[in-house]
Amino acid sequence: MHNLLQHLVNNNELHSKWLNTLSFMENAGARKISLCEHPSKVDLLQLKHAAEEHRHAYYLKKQIGKISPKSCVTYTNDELLAAKATRYYLDILDVKTSRYLKTHFELSGYALKHAAYLFVTYAIEVRADELYPQYQKVLTQNKHKVMVKSIIAEEEGHLEEMILQLQNFHKDWEQHAHAILLMEQSLFTEWITAIKTELKDA
């Protein structure tokens with residue numbers, strides 16, 4: 001992963017696309033959170049989480065200006081890395097998680113949506129807690145003007161919040177979270193492989 005990040009950071013065009021890809025995924029996460037909201041029973045934590053994910057998407061998009069101000073102004077496929085894998089990453093994880101929860105907890109409707117929100121968000125926060133520090137390490141080593149330290153701090157807080165909510169959801173939450181993490185790991189591996197293949201074929 002370090003070698004891939006080093007390669008991306010050393011190429012302005014690819015680095016811009018990488019930031020844009022991360023921005024797209026943060027934005028997709030924020031939209032997913034909003035879709036999981038109950039029509040009326042929305043708590044402060046869920047609103048806070050959606051707002052912060054949207055802000056991360058904005059922040060990452062704005063960082064592109066430090067590299068190439070006119071690059072990646074939208075989320076069109078040619079401005080993303082591994083566009084297909086990127087676009088379906090979160091959707092597939094959400095579908096697989098929902099199927100798992102429906103089978104193991106016999107949930108439906110809003111209860112299923114809310115449970116999927118908890119577990120999917122947890123898995124994504126675990127990933128963010130691993131990926132962003134790796135990225136920041138490469139940025140720091142290269143004395144780059146792009147920074148993601150503020151995102152790292154907020155993602156750590158998100159993870160703690162999701163753990164508290166999952167503890168309230170079910171006493172055996174860790175067992176089920178582990179199953180979701182395995183699904184996410186598979187999707188992450190496919191995503192990184194798709195990026196590497198795209199770079200190799202370019």
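This is a predicted model: local features need pLDDT of at least 70, side-chain atom pairs count only at pLDDT 80 or more; totals for chains, interfaces and linings use all residues.
Residues are numbered from 1 along each chain as its sequence is written, and side-chain values use heavy atoms, with hydrogens and water left out.

**Exercise 1.** Work out how H2 lies against H7, and what the contact is made of.

*Solution.* Start with the axes, which are lines fitted to C-alpha atoms over the stretch in contact, with angles from 0 to 180 degrees between N-to-C directions. For H2 and H7 they come within 13 Å and cross at roughly 155 degrees. That makes the pair roughly antiparallel (over 145 degrees; under 35 is roughly parallel, 65 to 115 roughly perpendicular, the rest oblique). Next, pick out the contact (heavy atoms within 4.5 Å): H2 brings Leu14, Trp18, Thr21, Leu22 and Met25, and H7 brings Trp191, Ile195 and Leu199. Sorted by class, that gives 7 nonpolar, 1 polar and no charged (Ala, Val, Leu, Ile, Met, Phe, Trp, Tyr, Cys and Pro are nonpolar, Asp, Glu, Lys and Arg charged, the others, Gly among them, polar).

**Exercise 2.** Now bring in H5: find its orientation to H2 and to H7.

*Solution.* Take H2 first. Its axis and that of H5 (residues 109-141) come within 11 Å and cross at roughly 160 degrees, so H2 is roughly antiparallel to H5. H2 passes H5 in a left-handed crossing. Residues in this contact include Trp18 and Leu22 of H2 and Leu131 of H5; the classes come out as 10 nonpolar, 1 polar and 2 charged.

Then H7 (residues 173-201): its axis and that of H5 come within 9 Å and cross at roughly 55 degrees. H5 and H7 are therefore oblique to each other, and their crossing is right-handed. Among the residues in this contact are Leu131 of H5 and Trp191 of H7. The tally here is 11 nonpolar, 2 polar and 2 charged.

**Exercise 3.** Describe the surroundings of serine 16.

*Solution.* First locate serine 16: helix H2, residues 12-35. Finally, look at its partners. The serine 16 side chain reaches the backbone oxygen of asparagine 12 at 2.9 Å. Leaving aside residues up to four places away in sequence, serine 16 touches Ile64, Ile67, Ser68, Ser71 and Cys72.

Terms used
Helices (H or I, at least four residues) and strands (E, at least two) are DSSP runs, numbered from the N terminus. A polar contact is a pair of N or O atoms within 3.5 Å; within protein, one must be able to donate a hydrogen and the other to accept it, and residues adjacent in sequence count only if both atoms are side-chain atoms. A crossing is left-handed if the near helix is turned anticlockwise from the far one by less than a right angle, and right-handed if clockwise.
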